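Trainee: I would like to learn how to read the relation between copies of a chain, and then how to read a pair of packed helices. Could we look at an example together?

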Number of protein chains: 2
Amino acid sequence: MKQGPNSSARASINDVAAHAGVSAQTVSRVANGQNNVRPSTRDRVLASMRELGYRPNSAARNLKSGRFRSIGFVTFNLATLGNERTLDAVTVASESAGYTTTLLSIADPTQLDVAGAFGRLEEQAVDGIILVMSAEVGPLDEWTITAGLPVVIVDSDAELPYTIVDTDQEQGARLALDHLLGLGHRRIVHVSGPQNSYSATRRADAYRRVLEKAALPVPEVLVGDWSAASGLAHGRALIESGEVPTAIFAGNDQMALGVLHALHEAGLRVPDDVSVVGFDDSDEALAFWPALTTVHQNFDDVGRKATESLLALIDGGAVERQKILIPTRLVVRDSTGPARVTA
Amino acid sequence: MKQGPNSSARASINDVAAHAGVSAQTVSRVANGQNNVRPSTRDRVLASMRELGYRPNSAARNLKSGRFRSIGFVTFNLATLGNERTLDAVTVASESAGYTTTLLSIADPTQLDVAGAFGRLEEQAVDGIILVMSAEVGPLDEWTITAGLPVVIVDSDAELPYTIVDTDQEQGARLALDHLLGLGHRRIVHVSGPQNSYSATRRADAYRRVLEKAALPVPEVLVGDWSAASGLAHGRALIESGEVPTAIFAGNDQMALGVLHALHEAGLRVPDDVSVVGFDDSDEALAFWPALTTVHQNFDDVGRKATESLLALIDGGAVERQKILIPTRLVVRDSTGPARVTA
DNA sequence: CTGAAAGCGCTAACAC
DNA sequence: GTGTTAGCGCTTTCAG
């Protein structure tokens with residue numbers, strides 16, 4: 001099994017050609033599985049390739065083809081459940097299309113030059129970009145990304161001139177709120193994700209709209225940062241303020257976990273005293289105490305559709321701008337129940 | 001701000017040269033910030049570059065330089081807390097060295113040809129590989145990866161002829177167990193991660209060794225799959241069996257969460273009746289109910305050191321095989337307490 | 001300070 | 001079936 005032992009320099013197609021006594025072109029044909037090579041020649045070439053440990057040089061291939069067979073995944077913050085899961089799905093989808101996934105950051109070391117960062121992005125060895133939007137990116141006008149790289153945007157607001165794929169945040173928030181409303185809750189507080197996240201702000205906006213539509217007072221949104229710690233802090237503050245609502249809608253499951261903890265330590269029962277709903281339906285939600293009612297996001301679909309759209313852009317060029325919204329569904333577990341009748 | 005509007009074909013260095021009335025070489029010098037260009041010439045070139053929307057072609061650069069400035073991150077399973085966090089750290093570290101991170105999968109569509117997959121890996125446009133080991137990879141002998149790509153292994157057993165970076169699993173498990181032993185626990189059950197994970201099996205091995213050394217009986221290890229659901233299932237089974245220990249050491253925080261849930265629903269109190277320890281110190285652990293005592297893994301360090309080692313291999317060639325073990329620390333919270341004195 | 005020539009490794013196009 | 005030629009876009013010589 002051992003390959004060319006100490007030959008530190010990698011064998012090129014010419015080395016193989018010389019070794020096998022054929023032309024480079026023939027080696028190329030063998031390497032690409034073309035059939036117009038006499039079997040005996042092919043075998044000889046194959047043997048030489050093996051012996052020299054030949055691997056095609058992808059830089060040369062890329063140069064010839066003008067393609068990298070890689071898509072760029074750009075986000076400001078990988079350490080978020082949604083981004084990680086989306087990345088995972090993107091990787092799987094692109095891989096099955098023969099593409100690798102390259103992780104790119106648009107964050108300048110100096111944080112200054114976001115616009116210029118897009119320029120640098122386009123020098124990367126990728127054929128297109130999936131950009132997970134957040135407020136740090138700033139406004140993306142029609143020209144921001146223009147030098148020819150196809151782009152698909154994830155988690156964005158609707159007005160951008162690009163193909164967009166996103167979880168239907170509005171529909172998700174509605175699902176959670178309608179569930180709570182249906183259980184008779186009238187005072188519902190929202191603990192939201194950070195303001196630089198568009199998913200967070202869109203959920204919060206939907207929250208306000210639903211309550212307004214129901215002619216209910218809209219309590220101030222408590223802005224967290226997606227972390228359980230921030231949910232915990234807001235939960236504690238809420239309890240200390242004495243203004244405990246009958247239901248809390250958390251912007252994600254982790255903050256819901258924090259809220260749950262705060263409720264427990266204050267001796268409040270869930271869902272008897274307070275109902276809690278999360279968002280994401282992370283794998284852990286079913287093991288929270290009590291098991292969390294939450295909005296299930298289909299990250300797989302988001303990643304897959306984003307990849308498919310981008311690949312279509314890359315090789316089709318068929319450039320119909322699309323807006324693809326992936327629906328959510330509500331998973332009802334044990335953290336929600338009928339509103340307690342106020343004494 | 002708008003760049004060359006509809007020019008669908010990307011401008012090459014020659015286009016710029018022609019446009020500016022200079023040689024391609026001069027454009028190259030300007031593009032690379034060399035100083036031996038007369039300011040007026042430079043300005044003219046810069047203007048042309050801007051006007052044509054010129055971006056250097058990285059394929060050509062790669063071909064010339066023989067470098068891709070990208071490192072490959074290979075794992076069988078991204079959807080694991082440790083792998084995600086390690087990837088995150090790798091991305092940050094490699095980026096600050098001017099490298100991108102390319103996600104690679106060694107999994108063949110058909111699952112058959114793991115060995116051959118390494119060959120394909122070496123055709124990728126990367127300068128080196130960080131391989132997160134797991135049992136699926138199978139035995140890696142000296143020659144499996146040999147065609148010249150530097151490799152650093154994460155999460156591996158000690159015997160491989162490569163540079164290795166890993167959390168010190170043994171030390172971490174010991175920390176958890178010593179804590180429990182110190183609290184007087186004598187019957188400690190371990191819920192482990194899946195057997196195809198080396199981190200899991202190494203923690204389980206350490207568990208057995210510690211108990212043996214303490215001359216304690218070693219209960220059968222309950223093998224989970226890292227998920228909260230598996231922790232929950234094992235917890236319930238344990239309770240149903242009537243053989244509830246005074247302490248449970250879970251292989252990660254998520255399984256600990258499942259165990260906690262099973263305990264609660266059976267009416268057992270934590271830590272009064274049963275103590276629980278996790279592993280990872282995920283961001284959520286502090287919001288579990290009760291807040292989880294757990295072993296803190298420093299994924300940042302793992303990712304950073306792996307990247308640094310790989311980059312050293314890539315440009316130094318200074319090939320001292322190293323084994324870098326990142327220590328853990330125990331974070332004591334509210335899920336552990338003195339062993340209940342048996343009635 | 002600037003340009004011309006050559007070549008990185010590969011493949012498309014065209015011979016033979 | 002197989003070889004030759006040319007060139008992808010860039011940068012490293014070497015000449016001026």
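Trainee: What rotation, and what shift along its axis, superposes chain A on chain B?

Mentor: In general, two copies of a chain are related by a rotation about an axis and a shift along it. In this model, which is predicted, a rotation of 180° with 0.0 Å of shift along its axis brings chain A onto chain B, with an RMSD of 0.1 Å. That is the relation of a two-fold axis.

Trainee: Which residue of chain A comes closest to the rotation axis?

Mentor: That residue is Thr102(A), whose C-alpha lies 2.2 Å from the axis. Strand β2 of chain A, which spans residues 100–104, is among the elements that each supply at least two residues of the side touching chain B.

Trainee: How many residues does each chain bring to the contact, and which element of chain A gives the largest share of its side?

Mentor: Chain A brings 51 residues and chain B brings 52. On the side of chain A, α4 (58–65), α5, β2, α9 (228–241) and α10 (253–265) each supply at least two residues, and the largest share, 6 residues, comes from α10(A). Sorted by class, that side of chain A holds 21 nonpolar, 20 polar and 10 charged residues.

Trainee: Why can one say that the copies meet through the same surface?

Mentor: The copies meet through the same surface because 100% of the interface residues of chain A are also interface residues in chain B.

Trainee: Now to the helices: at what angle do the axes of α5 and α11 of chain A cross?

Mentor: Two packed helices are described by the angle between their axes and the distance between the axes. Here the axes of α5 (residues 81–96) and α11 (residues 299–315) of chain A come within 7 Å and cross at roughly 50°. The crossing of α5(A) past α11(A) is right-handed.

Trainee: Which residues meet in this pair?

Mentor: From α5(A) the contact includes Gly82(A), Arg85(A), Asp88(A) and Ala89(A), while from α11(A) it includes Phe299(A), Asp300(A), Arg304(A) and Glu308(A). The residues of this contact between α5(A) and α11(A) divide into 6 nonpolar, 5 polar and 5 charged.

Methods
Residues are numbered from 1 along each chain as its sequence is written. Chains are lettered from A and ligands numbered from 1 in the order in which they are written. This is a predicted model: local features need pLDDT of at least 70, side-chain atom pairs count only at pLDDT 80 or more; totals for chains, interfaces and linings use all residues. Copies are superposed by least squares on the C-alpha atoms of residues with pLDDT of at least 70 in both. Two residues are in contact if their C-beta atoms, placed from the backbone, lie within 7 Å. Axes are lines fitted to C-alpha atoms, for helices over the stretch in contact, and angles run from 0 to 180 degrees between N-to-C directions. Helices (H or I, at least four residues) and strands (E, at least two) are DSSP runs, numbered from the N terminus. A crossing is left-handed if the near helix is turned anticlockwise from the far one by less than a right angle, and right-handed if clockwise. Ala, Val, Leu, Ile, Met, Phe, Trp, Tyr, Cys and Pro count as nonpolar, Asp, Glu, Lys and Arg as charged, and the others, Gly among them, as polar.
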